[in-house]
Structure formats: C-alpha cells, structure tokens
Amino acid sequence: MLPKNNKEITNKWLNKNLPQVGELSKIDPWWGLVLIVLALIVLLLVSQPDPYQRILNFTEDGIWITLLVTLVSSVLTLVLGLFGGLGRISKNKVIYGIVSLYVEIVRGIPLLVQLLVWYFAFPAIIAQAGIKFNIPAFKNYLANPVMMAIIGISVCYAAYMSEIVRAGIESLPAGQMEAARSLGMTRLQAMQYVILPQAYRTIMPAIGNEFISILKDSSLVSVVAVSDLTRRGREFMSTTFLPIETWTMVALLYLLMTLISARIVNIVEKKTKMDK
Amino acid sequence: MDEQPIIQIKDVHKYFSDSIHALRGVTLDIYKGEVIMIIGPSGSGKSTLLRSINNLEEIDYGDIIVDGFSVKNHKDINKLRMEVGMVFQQFNLFPHLSVLNNIMLAQKIVRKRSEKDALKNAMILLDKVGIPDKANAFPAQLSGGQQQRVAIARALAMNPKIMLFDEPTSALDPEMIQEVLEVMIQLAREGMTMAVVSHEMGFARAAADRCILMDAGKIVEDAPKDELFTNPKEERTKLFLSKIL
C-alpha cells in the first residue's frame, strides 16, 4: 500500500538525493575529459618511460614555443581584429574599403601559404629592395622565424576576428547607438562606453573559439623553421623512427592544451555572464 | 511670444532610400517653454520629424536650427545634442550599466562633470522620477514604466533645454503609462520645452499647449490643443480624431 502523502515523500526523496539545478551547473563535467587525457599521458610516461619520457623531454621546448606563438598571436589578433571590426562598420568609405579588401584577400588565401609568404617571400622582397635602393640594413635582412610566424597568424586570424567583432556590434539594437549619440556622445565614446562592452559579452564565446583554433593552427608554423611542438616531434621521429609513439604523444599533448584552453574560455564566459 | 523660437524647422524634406518621401516640406517654430504634441497616423512622418531635430535622421533639404545650432553643421552636432534630451519608445537604457551609471555616464564623459557632481545630480533626478530605491538595480530588473522613468532622468541629467519624446508610452503596459505621464506632466509644468509624439490624450489635456496633426509627411493642422480637439478645421483632422478619441 502506498503511503498517504505519497507525493510529499517522493518530493522529499527527490530533494534529498538529486543534485539541485544550481549544484549541477557548478560542476563542469568536461574537466573529467581533461583528467582522462592527463591520466593517459601519465600512464604512458610511467609504464613506458622509454620512449615516452624521451619524447616529452625532447619536445618540451617545443611546447613552450607553441604556447608563446599562440599567446602572442591571440593578443595581436584581438587588437587587430578590434580595429578591423570598427573599420568594417566605418562610415568613412576609404577605411571601410581598405579593411574590407584586407579581409577578403586574407580569407581567400590558406594560412599555410600566408606563412610561407611571410617567412620566405617577404624577407626576399626586403632584401631586394635593399639592394635596389642601397639600404644596407635591408640588404642583410634575415627573418626571425618566430616573429614571422606570429605576424602571419595574427594578420590572418585578425581578418576572421574583424568579422566576429563586426557581427557582435551589429547584433546590438540600433537604439543603443542612438541613445548614446542623443546624449551628445561622439561615435567613438559611444563605441567605447556603450557598444563594445555589450558586444564583448555576445562575442566572447566566438573569441574563445578563435584562440583555440590559433593554438591548433600554430602547428603550421613548423614548416617555416619554428621549433614548435609539431616540428620537434618530427625531428624526434626522423632520428628514432618511432612514428606511432611520437605522434601519439604529440597528439595527446595538443589535446590536453586545447581541452584546458576550452575550459578556461568556458570559465571566463560564465564570469562575464554573471557580471551582467 | 515675439522672441526667437528655440527650434526653427524650415521647409524640411527627408527621403528614405530615394523612393519614400517621408517629410514633404515641414515648417514649424517651437518657442521656449512650449509643449507641442504631434499626432498622426503611422507612417505620417511624426517620428522622423522628431528624430530630425537632433539629427538622428539626416534631413535632405531645408534646415533645422536648435538654440542657434543648425543640424546641417556637423561639427557642432554634439553641442546641439547636449541641449536636446531624447526619450525613446523602447527606452534604450544601457543594459550593462546600473541605473545610476546609466544616468551618470554622459554627465561624466560629455558634460565633464566630476563623479561626485554626477552622482548627486543622478540621485536628485531619480528622486524626481520617483524611484531613488532603484539606483543600483540593472535595467533588466525594472518594469517598463520604471525603465522609461530612468530614461527620462538620464536625458534630464544633461540639463537639456528641450526634451523630445518619441512615443514614450507605446511600449508600456496600460497600468504603467500613468506613472510615466505624470513625470512628463510635472516636467511640462516646470516650464520645459517639449515636443511629444504620442496619442495619449490624458497628457494632451493636462500639459500640451499646441497640437499638430501630420499626415503623409506634411503638417495638416497646427492649433492650440483645445481648438484642435474640439473644433478642428481640416477634414483630415476630424477623420483622424474620430478614430482615436
């Protein structure tokens, strides 16, 4: 026989045993995946120090280069993308035209080709110009691979970022700009104090995704003489002939970095939402 | 009133996308302290006319001079806008800022007031519109009527000489209309020059001096409010009033 106050008991049981909605959302289940990947790496290192420990030691400096290139490129991309986005909504036809042309050109060329241009073609152009116009500093111009890689990635990703920023600004109701302007603010002041702080909240997830894409695409810089994680992996493989172990380790290291980045982006996203 | 009008609208034309002739030669003088009510069917150009006064809509022909500044002179447009407060149908509060910061922002960056002065002014105005207890709330936490009152306070904080109201109660629930109208009537009694696009007859009766009927981009009738409502001269006015009264 069912107890009289069946419903009440059920409710009590539910309240006691099921996590509440608020509690559930506090635990981010994706951290579990981070832990699994981390555990897998540790397992490999412990169970087979040779070759996995050797691979890690060999590629360690590459990890730092990858992180350096990613971080600096991300910051530059954000800054350039912000100006690019403002240029794409500019009422000044010259600025709009130049920025639009830049976005169209850059988005039409593969990043790998752009990196090759920056590292091989650009220094050659400088050197030839140096010879032609007799500028000694240009004649012996040697490109710094890391710097060229960072410029290449930033210039490319800023074009995509410009479109994200533009879309974020255009997603706001026109009344926001009108209200700001009707209070006597200049267009720039309205952007700074009213439009961008709001657009930032909308485009935050998209920006985070771009950063993670930069982390992954930074592996392309390995072809322009940057000793990043990918390049160090290739060097290790060519001396040891251990393709399975090498690329398993490199892939897991990338996976760990992207997963952690995704979690960090997620935390920042939640924080900006709560600030509202 | 033989003094200079504070707003002179001279033969203004406005086109939208070349094909729509929204304003067809509007001429209107508004004097200091006057409360003008603009009525008319939708698409008649009343909002466009109001938005032209602070150059939110750029006019294509004619001129509008507000307190000595022409809307054609883009260099001085921000000076003009500082003198003209505007209240919108959709409130357009800044959702990422608290009520206080909504009212303080332009005071600080446009009027260059100190934090302390801006805050003091904001609190006085919040008191005036009757919601000092909402100072630290965010717009999303307020009812429509409260949001619109904050929007009025935000516009007043710039110490404008003229206030424009673009259908200020059209987006409000019926029971919230009154609280906004009361603030507007109070403002009118204090001698503010106001141009109001609205069909609120309660406001017209209580505060308007003159009433203007617009249709198809033109002013059809311009008369003291009692005359226009009780004894309209134009057929178009009679027809329109028969529908809204």
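**A few residues worth a look**

Hi everyone! Let's start in chain B: leaving aside residues up to four places away in sequence, B:T237 touches B:L213, B:V220, B:E221, B:L228 and B:P232. Keep in mind that this is a predicted model. You can find B:T237 in helix α9 of chain B, which covers residues 235–244. So is B:T237 buried or exposed? Its relative accessibility is 0%, so B:T237 counts as buried, since the cut-off for buried is under 20%.

Now for some backbone angles. As a bit of background, most residues other than glycine have a negative phi, and most peptide bonds are trans. With that in mind, have a look at B:D11, where phi is positive, near 45°, in a residue that is not glycine. B:D11 sits in strand β1 of chain B, residues 7–16. With 34% relative accessibility, B:D11 is classed as partly exposed.

Where would you look for B:D67? Go to chain B and find the loop between β4 (61–66) and β5 (69–70).

Finally, let's hop over to chain A. Which peptide bond is cis there, with omega near 15°? Please find the one that runs from A:D50 to A:P51. As for its place in the chain, A:P51 belongs to helix α4, which spans residues 49–88 of chain A.

Definitions and conventions:
Residues are numbered from 1 along each chain as its sequence is written. Chains are lettered from A and ligands numbered from 1 in the order in which they are written. This is a predicted model: local features need pLDDT of at least 70, side-chain atom pairs count only at pLDDT 80 or more; totals for chains, interfaces and linings use all residues. Side-chain values use heavy atoms; hydrogens and water are left out. Helices (H or I, at least four residues) and strands (E, at least two) are DSSP runs, numbered from the N terminus. Buried means under 20% relative accessible area, exposed over 50%, partly exposed in between (1.4 Å probe, protein chains only). Contact means heavy atoms within 4.5 Å.
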